[in-house]
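Morning, everyone. Let me put the model up, and then I'll take you through it.

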Amino acid sequence: MDGEELTEQETALYDRQIRVWGADAQRRLSKSHILVCGMKGTVAEFCKNIVLAGVGSVTLMDDRVVTEEAFSANFLIPPDEKVYAGKTIAEVCCSSLKEFNPMVRVSVEKGDLSNFDAEFYDKFDVIVVSCRSITTKKLINEKCRKLSKRLAFYTVDCRDSCGEIFVDLQNHKYSKQKLEETIECQLQFPSFEEAISVPWKVLPRKVSKLYFAMRVIERFEEAEACTPGETSIADLPAVLKLKKELCEANSLNASHIPDSLLERLIMGSKEFPPVCAIVGGILGQEVIKAISGKGEPLKNFFLFDVMDGKGIVEDVSNPNTESE
Amino acid sequence: MAMASERQFAAIKGAKVLMVGAGGIGCELLKTLALSGFQDIHIIDMDTIEVSNLNRQFLFRQSHVGQSKAKVARDAVLNFRPHMSITAHHANVKDPEFNVEFFKQFNVVLNGLDNLDARRHVNRLCLAADVPLVESGTTGFLGQVTVHVKGKTECYECQPKPAPKTYPVCTITSTPSKFVHCIVWAKDLLFAKLFGDKNQENDLNVRSSDAASSSEHAEDVFERRKDEDIDQYGRRIYDHVFGYNIEVALSNKETWKNRNRPRPIYTAGVLPEELSKQNGNMDTIYAADITTVSAMASLGLKNPQETWTLMENSRVFLEALKLFFVKREEEIGSLSFDKDDQLAVEFVTAAANIRAASFGIQLHSLFEAKGIAGNIVHAVATTNAVIAGLIVIEAIKVLLKDTDNYRMTYCLEHISRKMLLMPVEPYEPNKSCYVCSETPLSLEINTHRSKLRDFVEKIVKAKLGMNFPLIMHGSNLLYEVGDDLDEDEVANYAANLEKVLSELPSSVTGGTMLTVEDLQQELTCSINIKHREEFDEEKEPDGMVLSGWTQAPAAVKDDKKSIGNGGNASNALEHELAEANRDGEMEEISEPSVKKRKLSEVSIATILDGPEATADEIKNQKEVEKLDDDDDDEEDLVMIDDLNSVGNKKTRLQ
Ligand SMILES: [Zn+2]
């Protein structure tokens, strides 16, 4: 590869995972820089996973002050006021994460990611965004796509016992093992805006109900200008009304988005820790795949619901606008 | 049912949970349980922390190396959840203190173990105590969670577990075709012969002249001659095992008709004259600590990922052999291979590579060889995190007695049927399982020739996995193990062990029904004895055949006696998963089929027993076939709305 060998210390620490993905992948990981924005339970899980895996650096963004709600599903925040008083969530998480692996640089960046320029984005290989509005997600995703370098973009959100990951790797080249051969492959990803703009009626009929439900909630939060993830049961009538409108506009049978599912999603402002572990684990795995260029990445939505226990991958892209 | 419902909250708060294992899965599990609101957790783990754990067992730090996993994990979690109760047991789950009474105090038991033995043991205790068990395992990106509830779902042992991977003796001694064969030869034959117990049976050819001439007087080349210097001795061993023995093998023309002929290798042909005299520079080693003695270091080889040339391997071989005799002489005769013993790994790597070169097999790096020789489990944090989340979800269902929604879930590496996490309905108990049903076993045995000791060792311990067995014929006790026996009893049982079955105080003959019991596991088996005169030495090496006990379709392909590569169940999970998937084992839960297992099916759970696949096998990993169905398939995904209808389709978990 790039000739640089892993140190003895790295080989000893990462022994078991090098046996999974190889020394080349480990070298690439150690040179990668990750930015995460929005530190709730799922992102805390994700950060733990990639810090343990040995990425080069992790930069955290979350200027909220620590409240009791913040540490309910986030084990990076000790519930001790002496520790967190006067600090932002990102700062508290940063000191916890540093302890997991002294070989990874963990730091905090303050400010609003959507206001940062290309020079800032350029420093990273992966950006993970959580708890942001649909507009902010689109904006950040577009900024990533305008860079001369390729930047992997992910969004992740968990509500109640459901979770969703979106992936945009733009034009991604990777290798995979098929029997004894290594084959080189390529995948073309749509942007977040392109993906969610795909008309529902052109999607395969079996697309997960959770996908549609998440889009309804997203649109609702946007329209009401409420903080993502801060809905309540009082919003139910308005959400159901919006669902009806969207289903009509998209000629989708309204029964395809169960009211009970929407109800769970708007009530579940607290994350359910086992779901954070599962979705944060899958996201960690995907980011490792993307950085190492080893293994087929999921394209482009991952959806998990405790109710049926399925971890589903949906390819939501418009077949007409895609070019290989 | 919203996940955060009152009922669920109460069940979590009131639950008392036992976690077995505080390793890769255990650390993640303890964290997720704590965050989910569990208040009372016991953890059992006998292990201490090692450096190679730190990449995924995130509750541990460098400064904890050497300390109890259970205790450090407890302290770490109490840091972010100070108001819960965690009791750490730094002990073996098989210790007698963890008896049925102990297990009965828990509402659910969660396993994060890495070996078959402990899993079987916990399974039995859970059955005896009637406590539900959530079982789990991971390897690489693959993982599985299963739920075992007595009488409702199958137990951990309802299905056969793959036997340890073994190889026919002749493959190892004469006709290796894969690198792993060379490793087994280097480790179990050569290393054992040179440095292990001299009295151990060993299939290595140690004679330098043909047996036909004067076998009694032929010398054992492994005996070091008087006044022979260690360099000479090393070269003589080298020339014998890689040169002479290959020549002898080549003389058997029949063997090589359809095989590539190996090439004999001698030191003279591989090492330049000056090197064969002065190899490594031992003077540069000031090793005070024997664990740092290394042939690589004294030869200036640094990168364990690099594959050495034949010459380098030969130098490492001679250097490692010499270092054992010079620096670790007092251990010779009692060494057994240990993956954490650097010098042993170096020796085995070099020897396996030289043999591989001889047989035209690809050479491997020390890193790879170590993985194969040590049956090292390859593990990543992400899979453990996902599996731990799934365990907690099943544990909550168990606490709520939400029987219809129990699932076993596979965590896949490749998307299959659009899924990375694939739930399937649990299987019903196997009616002929000797562990969870009362089906008698039957044993064919020569009651005039086999001793009670053979029966205890080969059947009761090796096959039935009992720790503290008690054997009865009717009401007559034939054998018992325990601390509370008096001297007479001990002497009596010791005497019985040496008797053949038919001559025991209460004669065991054809038609006898024996009862074998493990008091700790509270497992009782009935065994019908059938007398049989002859056994095929090669096909039935135990000299007895147990039926009703299900041995996995194991790796022993040849009828010959076989040699294993250590570890418990080291079949390639990836391979089995691919097979299972092709057979359509992983049916979606919406399919209205009753989940009765076919005998041919091998659950991947059974493969997830720790010591795992070799590097070769990882590379050869078969891709899970995509069974992703077309969009026009009528089958619908199961959503909460139609969970009831799915419940109706199921017939067996009601
Ligand atoms: Zn059973």
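Ground rules first. This is a predicted model, where local features need pLDDT of at least 70, side-chain atom pairs count only at pLDDT 80 or more, and totals for chains, interfaces and linings use all residues. Residues are numbered from 1 along each chain as its sequence is written, chains are lettered from A and ligands numbered from 1 in the order in which they are written, and side-chain values use heavy atoms, with hydrogens and water left out.

Start with the interface. Chain A and chain B bury about 6300 Å² between them, 61% of it on carbon and sulfur atoms. Buried area here is the accessible area (1.4 Å probe) that two parts lose on being put together, summed over both.

The contact (heavy atoms within 4.5 Å) takes 68 residues from chain A and 72 residues from chain B. Between the chains there are 13 residue pairs in polar contact, both at pLDDT 80 or more. A polar contact is a pair of N or O atoms within 3.5 Å; within protein, one must be able to donate a hydrogen and the other to accept it, and residues adjacent in sequence count only if both atoms are side-chain atoms. On chain A, helix α12 (residues 273-292) gives the most to the side touching chain B, with eleven residues. Helices (H or I, at least four residues) and strands (E, at least two) are DSSP runs, numbered from the N terminus.

Now salt bridges: a side-chain nitrogen of Lys or Arg within 4 Å of a carboxyl oxygen of Asp or Glu. Over all chains the count is 43. Four salt bridges run between chain A and chain B. One of them joins B:K31 to A:E45, closest N and O atoms 2.6 Å apart. A:E45 also meets A:K48, at 2.8 Å, N to O. Those two both lie in helix α3 (residues 41-53) of chain A, three residues apart, about one turn.

Are A:E45 and A:K48 buried or exposed? A:E45 is buried, because its relative accessible area is 1%. A:K48 counts as buried too, at 0%. Buried means under 20% relative accessible area, exposed over 50%, partly exposed in between (1.4 Å probe, protein chains only).

Back to helix α12 of chain A. There A:E286 and A:K289 are three residues apart, so they are separated by about one helical turn. They form a salt bridge at 2.9 Å between the closest N and O atoms. Both are buried.

A:E286 is also among the residues that A:Y154 touches, not counting those up to four places away in sequence. That takes us to the cores. A nonpolar core is a set of buried Ala, Val, Leu, Ile, Met, Phe, Trp, Tyr and Cys residues joined through side-chain atoms within 4.5 Å. The largest has 123 residues; A:L60, A:Y154, A:F304 and B:F38 touch the most other members. Helix α16 (residues 381-399) of chain B brings the largest share, twelve residues.

Last, chain B itself. It has 21 helices and 16 strands. Of its 654 residues, 59% are buried.
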